[in-house]
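I opened my notebook to look through this model piece by piece. Here is what I looked up, in the order I went.

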Amino acid sequence: MQIGKIITINDISVEIILSNTDLKIGNILEVEGNSKYVFEVVEINNISAICVSLYSTRGLQKGSVVVKKSDELEVEYSDKILGRVFDSYGNVIDGLPFESEKRVKVSNNTVSLKSVKVDNEPLWTGIKVIDFFAPLEKGFKMGLLGGAGVGKTVLIKELIHNIYASSNSNAIFVGAGERSREGKELYEDMKSSNLLDKMAMVYGQMGDNPVSRSKSVATGLRMAEYLRDEKKQDVLIFIDNIYRFIQAKAEIATDLKELLIENGYPSNMASEISQIEERINSNENGSITSFQAIYIPADDLTDDAVQTTMSYMDGQIVLDRKISELGLYPAINVFKSTSKLVDAEKIGERHYNLVERVLASLTRYEELEEIIAVLGIEELSEEDKNIFHRSRKLRNYFSQPMFVAESFTNIKGEFVDIKDVLNDVENILDGKYDDVDESKFRYIGKIS
Amino acid sequence: MKGMCDMELNKVDKKVEDIKNNDNIYSVGKVIKVNPYTVIVSGLNDITYYEEVNVADKAKGFVFAVGKNNITISLVEVNEKINPGDEVYSLKKQFKCLFSMDSMGKVIDIFGNDLIAGKKFDNLVEVPVENDPIPIMDRGLVTREFLTGITGIDMLYPIGRGQRQLIIGDKKTGKTQIALDAIVNQKDKNMVCIYVALGKTKKEVKDIYYELTKRGAASYTIIIASFNDELPNRTYLTPYASLSIAESMMLDSYDVLVVIDDLKKHADVYRQISLASKKTPGRDAYPSDIFYAHSKLLEKGCQHKDGGSITILPIVETKASDITDYISTNIISICDGQLVLSSKNFAKGEKPALNYGLSVSRLGGNVQSPEMKKIGSLVRSKLLEYLEVRDIYELANIDEMSIELQNRMKEGKVILDKLGQYKFSPKSKEEMIELYKFLEVGDTDANR
């Protein structure tokens, strides 16, 4: 069905003079006889429609005739998604034959207050610093925040290894605006460890145009909703990286000449994020536990997009460049990492008190570091010396050999039980290991 | 009267001749506004996006935006002043760059010129300015080593073929030197090297040309230059075209190294162009798609499944050793690791002036030989621990430390000293391993 003709062309958007007004927002159009140029309608007025282009617009001719392709972007809604790799628009890209069973529209409503489920069982990651400072439960939304190159993706991969590999849950991995190399590596990793067939992957990576990068999250979510609502499962979804979603939206908004807020973000950023985040919820059918990496642009934690996204998280793990500089991985800042579960009623008195003691000790340590820089260690009181040495041991203890980082550390990864962590921390604080050298605590599992 | 007729006939003849001379002239428009790097043109109603156009034989450019009533042309070559009313011919072909296979050992631009000889090459082929992104599934794993001959890199923060490793640091910390060392070390390693100079002075580029020629690297190195006095659009396009050249070589199963010196200048040029074309500025006045501008470029770096590879060493210049500014963190988040150079270390005489704490290789041991991986991870963890302990115990009296700590401090100092290496003095893997043999021996001693 002919819709109209291309009249303006920009990098991402085109305008179409309409000869047919039977058109809705979200409709997918293509240039007649050339499926290289595909558009999604984002705005309609009396005589023209503004569209974003799913692929590059280079070589597109002014005056080209545009026809309707489908009502909306669609995604596979069946078990056929498992073990497969999709692009942001729901197309299979792993090069293997694919037969569709059922396809549905990507858009969906958020979960209502009536059906949203909140109480769940705890979920241990086996990563000491996370289980201790920011424990989580099923149905949680965990934000992994970090600047560039401090280890977000490695941590996401370790979580996939520790949680997904040991559970029966299906998982969705969404690559949004991240490195294609890592996307391929994850695929190969999952394939070689026979974990691929319980998982679906959606990629709109950083070399793709912003429309692709902004769509991969919703496409992945629709698949997660299938697993939750149709298969009644507890689903895991890993999103790397949710910040790239809003970054891509900013690029599109600029191209559409919309008015932007500070730092170039779209003015409807808050609602864009809520549309996505409110969909990631547990209901009576099953739970969706999500791990969302959040990139921090320019190491600026006060960035609007970061803050808005963080307000939806049940817990946050903050990765810190200063700690990675010390060679301590995972480079988690324990002062900023927390979760809603850190509450004596939920994790128990003992765990809660230990967290408080460790934080107090580490806070004092930071103060002491400044004093030492001026006076040296000898000048400290006996009590402060103890705090100083024990804190350094604690800090080293919270580094951990990770399974997926074996190629960096040459040490095999370890899954540490929370009970061991609590015992070890208590013992370090109580001075049981005062005569052990601090370097013995680096990159170990539990203290043996 | 007759004269008038003749004149009219002459005009027609001239037009016919014009069309003959430019046998691919398709349609004609008129300049209505002249901006610094763009012109606005009316007419050309069947133009395609990114088509090449000729402005009255005075200038060359490509279609940057197609509007309802006019089009915007980005200029890449201006030989004479353009005036409103000048005729604009569309050439009915996509804008492409020119490249000659005779470019080896030469300094060239992306329009087929040999800049040292001052003339065009004879056997030119057209190269697209930009290709579609390389699909995830066409990528292989990055596992083959790429050796720079610098111990601090090959051993601690190794680079693989197909990796993107950023070199970042202040002015005069040896960034370009590391890249040149890497190029010189590729002799007899079946690697094509492309050094892309962006916004550098002619003197700097000539120095680099002499340096590489003198050290015998000319036979496998191409220098692609865009100087700081050229049209910003040329500087903007140069890295994309260079990567297109590299991509076609990679698809012919070559291993290619591309050095981009430097991307901060590229970002600034892109900002200049974007602001001139009235795009809404984002953070630090850079356009919202500045991340994409670099991500689509650097995503060309990969190990292709068919054997070829593109290794990219982008360079970014920082101010006051701050690697957390917007552009730096963007590029860090795209690359597979970074080599951070510190002006403090440089001043102390540590060459290469690497900041070993902040440097990262995300591929780590995956791209190292087993011996290098084994000893490299040992050296790295000992070194980082030493650097951290050194800072804390700076004021402590070494005689009062525990023997264990004293030994570690002494050992750390030796490890650091052995990383020192003067420019253009590459070491082989065997030499590097030999340097640190003492660590393994020492280790077994301690275990006894």
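I started at A:Gly376, which comes just after H10(A) and takes a positive phi of about 90 degrees. (Helices, H or I with at least four residues, and strands, E with at least two, are DSSP runs numbered from the N terminus.) A note to myself before going on: this is a predicted model, where local features need pLDDT of at least 70, side-chain atom pairs count only at pLDDT 80 or more, and totals for chains, interfaces and linings use all residues. Residues are numbered from 1 along each chain as its sequence is written, while chains are lettered from A and ligands numbered from 1 in the order in which they are written.

**Helix H10 of chain A**

I checked the length of H10(A), which covers residues 349-375. Its 27 residues should span 39 Å at 1.5 Å a residue, and the end C-alpha atoms are 38 Å apart, which agrees. (The expected span is 1.5 Å times one less than the number of residues.)

Which residues of H10(A) are buried? I found A:His351, A:Val355, A:Val358 and A:Ile372. (Buried means that 20 or more other C-beta atoms lie within 10 Å of the residue's own, exposed means 12 or fewer, and partly exposed is in between; C-beta atoms are placed from the backbone.) In chain A, these buried residues pack against H1, helix H9 (344-347), helix H11 (382-397) and helix H13 (418-429). Helix H10 (370-392) of chain B is also among their packing partners.

I kept a general point in mind: most residues other than glycine have a negative phi, and most peptide bonds are trans.

A:Asp299 has a positive phi near 55 degrees without being a glycine. I located A:Asp299 in the loop between strand E16 (288-295) and helix H7 (304-310) of chain A. A:Asp299 counts as buried because it has 20 C-beta neighbours inside 10 Å.

A:Tyr443 is not a glycine either, yet its phi is positive, at about 50 degrees. A:Tyr443 sits in the segment after H13 of chain A. With 20 other C-beta atoms within 10 Å, A:Tyr443 is buried.

**Cis peptide bonds in chain B**

I noted a cis peptide bond between B:Asp261 and B:Asp262, with omega about -5 degrees. B:Asp262 is in the loop between strand E17 (255-261) and helix H6 (263-276) of chain B.

Another cis bond joins B:Lys351 and B:Pro352, with omega about -10 degrees. I found B:Pro352 in the loop between helix H9 (343-348) and strand E21 (360-361) of chain B.

**Chain A as a whole**

I counted 13 helices and 18 strands in chain A. Buried residues make up 51% of its 448 residues. A compact globule with 448 residues would have a radius of gyration near 22 Å, and chain A has 25 Å, which agrees. (That radius is taken over C-alpha atoms, and the globule rule is 2.2 Å times the number of residues to the power 0.38.)

**Domains of chain A**

The domain assignment gives domain 1 (2-71), domain 2 (75-341) and domain 3 (347-441). (The bounds come from an automatic or database domain assignment.) How many residues of domain 2 of chain A are in contact with domain 3 of chain A? I found 20 residues of domain 2 in contact with 17 residues of domain 3. (Two residues are in contact if their C-beta atoms, placed from the backbone, lie within 7 Å.) Helix H1 (128-133) and helix H2 (152-164) of chain A each supply at least two residues of the domain 2 side.

**Where chain A meets chain B**

I saw 53 residues of chain A in contact with 59 residues of chain B. H3(A) gives the most to the chain A side, with 6 residues. By class, that side divides into 17 nonpolar, 24 polar and 12 charged residues. (Ala, Val, Leu, Ile, Met, Phe, Trp, Tyr, Cys and Pro count as nonpolar, Asp, Glu, Lys and Arg as charged, and the others, Gly among them, as polar.)

**Confidence**

Chain B averages a pLDDT of 90, and 92% of the residues score at least 70. (pLDDT is the predictor's confidence in each residue, from 0 to 100.) Over residues 443-448 of chain B, pLDDT stays under 50. Where pLDDT is low, the predicted coordinates should not be read in detail.

Notes. Domains from an automatic or database assignment.
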